[in-house]
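User: I would like to understand how labels are given to parts of a structure. Could you go through some of them with me, one at a time?
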Amino acid sequence: IEQICKTKEIVKMKKEVKNVSLCIQPLPLAVVSCRGGDGRSNALVVGFAANASLAPAMVMVGIAPERFSHHLIKESGCFVINFPPLGGFRKEYDYLGSRSGRDVDKFKALGLRFGEAQTIDAPVLTDCPVNIECVVVESLRPGSHELFIARVERLRCDEEYLNGQGCISWDRIGVK
């Protein structure tokens with residue numbers, strides 16, 4: 001009986017949250033870079049990025065159709081997910097999440113350092129310790145964002161962020 005009473009007390013303490021639009025805080029912070037058929041590159045902050053399959057390795061990003069990069073990814077069928085170091089990329093992260101590539105060349109405005117992906121036609125943000133080159137295999141639109149499901153073509157990580165087993169050590173990047 002005492003256990004039942006304690007359980008009911010816990011339930012009473014919780015409050016219903018009315019705004020569920022961001023009920024799960026996305027971590028780690030992610031920046032998607034891409035390039036359109038005209039050669040124009042862009043990068044944007046995404047709040048929806050996750051593993052989608054282990055075998056074959058696939059990831060998923062969600063991008064609202066009104067975003068400039070949405071069109072570029074639909075056109076090219078590829079993108080790079082870049083994971084910046086927490087704290088060391090804050091100014092860039094905030095800028096990339098608050099400006100549209102329609103209006104400004106974000107790479108030039110920020111002086112972003114980038115290289116070319118090895119397996120796809122897209123820029124890689126070289127100041128980000130983790131870069132995942134992806135080819136879209138499917139997309140769906142269950143609501144406000146289109147989910148791009150993509151096969152991982154190449155995963156690169158700065159050596160200092162790898163553990164002894166060769167896996168990414170997210171806590172070293174700043175994600176716990």
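This is a predicted model: local features need pLDDT of at least 70, side-chain atom pairs count only at pLDDT 80 or more; totals for chains, interfaces and linings use all residues.

User: What makes F114 partly exposed?
Analyst: F114 has 40% relative accessibility, so F114 counts as partly exposed.

User: How many aromatic pairs are there by the rule?
Analyst: The count comes to two aromatic pairs, where rings of Phe, Tyr and Trp (its six-membered ring) pair if their centres lie within 6.5 Å, and planes under 30 degrees apart count as stacked, over 60 as edge-to-face and the rest as tilted. In one of them, the ring centres of F83 and W170 are 5.2 Å apart and the planes lie at 85°, so the pair is edge-to-face. This pair joins distant parts of the chain, since F83 belongs to strand β5 and W170 to helix α5 (residues 170-173), 87 residues apart; here helices (H or I, at least four residues) and strands (E, at least two) are DSSP runs, numbered from the N terminus. For F107 and F114, the ring centres are 4.9 Å apart and the planes are at 70°, so this pair is edge-to-face.

User: Why is strand β5 described as largely enclosed by the rest of the structure?
Analyst: Six of the six residues of β5 (residues 78-83) are buried, so the strand is largely enclosed by the rest of the structure. C78, V80 and N82 point one way from β5, whereas F79, I81 and F83 point the other way. F83, for instance, has a relative accessible area of 8%, so F83 is buried.

User: How do you know that β5 pairs with strand β8?
Analyst: Two strands pair if DSSP finds at least two bridges between them, and β5 and β8 (residues 130-140) have six bridges in the antiparallel sense. Within this pairing, N82 stands opposite N131 in β8. Strand β1 (residues 30-35) also pairs with β5 in the antiparallel sense, over three bridges, and V32 stands opposite I81.

Definitions and conventions. Residues are numbered from 1 along each chain as its sequence is written. Side-chain values use heavy atoms; hydrogens and water are left out. Buried means under 20% relative accessible area, exposed over 50%, partly exposed in between (1.4 Å probe, protein chains only).
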